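Biologist: I have a model open and I'd like to learn how to read it. Could you walk me through it?

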Amino acid sequence: MLTLSALTTNVNLVALAMSLWLGLYVVTRSRTSRKAWLAAAALWVLAAYFFQSAVALNLPNSPFSWMRALIVF
């Protein structure tokens, strides 16, 4: 059985992969559209948030434990 921490990390990693993929998909479908690039940038920022959440949850005794305070949810 997965613990809540492991489940949250897995969900964050799946969301990270989906955000990266969808950003790449949007850009490759319309390379010249400014809206497509803005949407892709927003998705990549969202992917960075998911990455930060996954990393912050898995830092038990680290000098980077201050990152736990940055998790909003």
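This is a predicted model: local features need pLDDT of at least 70, side-chain atom pairs count only at pLDDT 80 or more; totals for chains, interfaces and linings use all residues.

Biologist: What do the contacts say about sequence separation?

Modeller: Take the contacts between residues at least 6 apart in sequence: 44% of them join residues at least 24 apart.

Biologist: Now the helix pair. Are α1 and α2 roughly parallel or roughly antiparallel to each other, and why?

Modeller: The general idea is to look at the angle between the N-to-C directions, where anything over 145 degrees counts as roughly antiparallel. In this structure α1 and α2 pack at about 160°, and their axes are 8 Å apart. The pair is therefore roughly antiparallel. By class, the contact of α1 with α2 has 20 nonpolar residues, seven polar ones and no charged ones.

Biologist: Is the crossing of α1 and α2 left-handed or right-handed?

Modeller: Left-handed.

Biologist: Let's zoom in on residues. Is Thr9 buried or exposed, and why?

Modeller: Compare its relative accessible area with the cut-off. Thr9 has 11%, so Thr9 is buried. Thr9 sits in helix α1 and, leaving out neighbours within four places in sequence, is in contact with Ala54, Leu57 and Asn58.

Biologist: What about Asn12? What does Asn12 touch?

Modeller: Asn12 is another residue of helix α1, and Asn12 counts as buried because its relative accessibility is 10%. Skipping residues up to four places away in sequence, Asn12 touches Phe50, Ser53, Ala54 and Leu57.

Biologist: Where is Phe50, then?

Modeller: Phe50 is in helix α2. With a relative accessible area of 18%, Phe50 is buried too. Beyond its neighbours within four places in sequence, Phe50 is in contact with Asn12, Ala15, Leu16 and Ser19.

Biologist: You mentioned Ser19. Is Ser19 buried or exposed?

Modeller: Buried: Ser19 has a relative accessible area of 6%. Ser19 belongs to helix α1. If you ignore residues up to four places away in sequence, Ser19 touches Leu43, Trp44, Leu46, Ala47 and Phe50. From Ser19 to Leu46 there are 27 residues in sequence and 6.9 Å in space, C-alpha to C-alpha.

Biologist: And Ala47? Which residues does Ala47 touch?

Modeller: Setting aside residues up to four places away in sequence, Ala47 touches Leu16, Ser19 and Leu20. Ala47 is in helix α2, and Ala47 counts as buried because its relative accessibility is 3%.

Biologist: How far apart are Ala47 and Asn12?

Modeller: They are 35 residues apart in sequence, and the C-alpha to C-alpha distance is 8.9 Å.

Biologist: Let me try a recap. α1 and α2 are roughly antiparallel, and Ser19 of α1 touches residues including Ala47 and Phe50.

Methods. Residues are numbered from 1 along each chain as its sequence is written. Side-chain values use heavy atoms; hydrogens and water are left out. Contact means heavy atoms within 4.5 Å. Helices (H or I, at least four residues) and strands (E, at least two) are DSSP runs, numbered from the N terminus. Buried means under 20% relative accessible area, exposed over 50%, partly exposed in between (1.4 Å probe, protein chains only). Axes are lines fitted to C-alpha atoms, for helices over the stretch in contact, and angles run from 0 to 180 degrees between N-to-C directions. Angles under 35 degrees count as roughly parallel, over 145 as roughly antiparallel, 65 to 115 as roughly perpendicular and the rest as oblique. A crossing is left-handed if the near helix is turned anticlockwise from the far one by less than a right angle, and right-handed if clockwise. Ala, Val, Leu, Ile, Met, Phe, Trp, Tyr, Cys and Pro count as nonpolar, Asp, Glu, Lys and Arg as charged, and the others, Gly among them, as polar.
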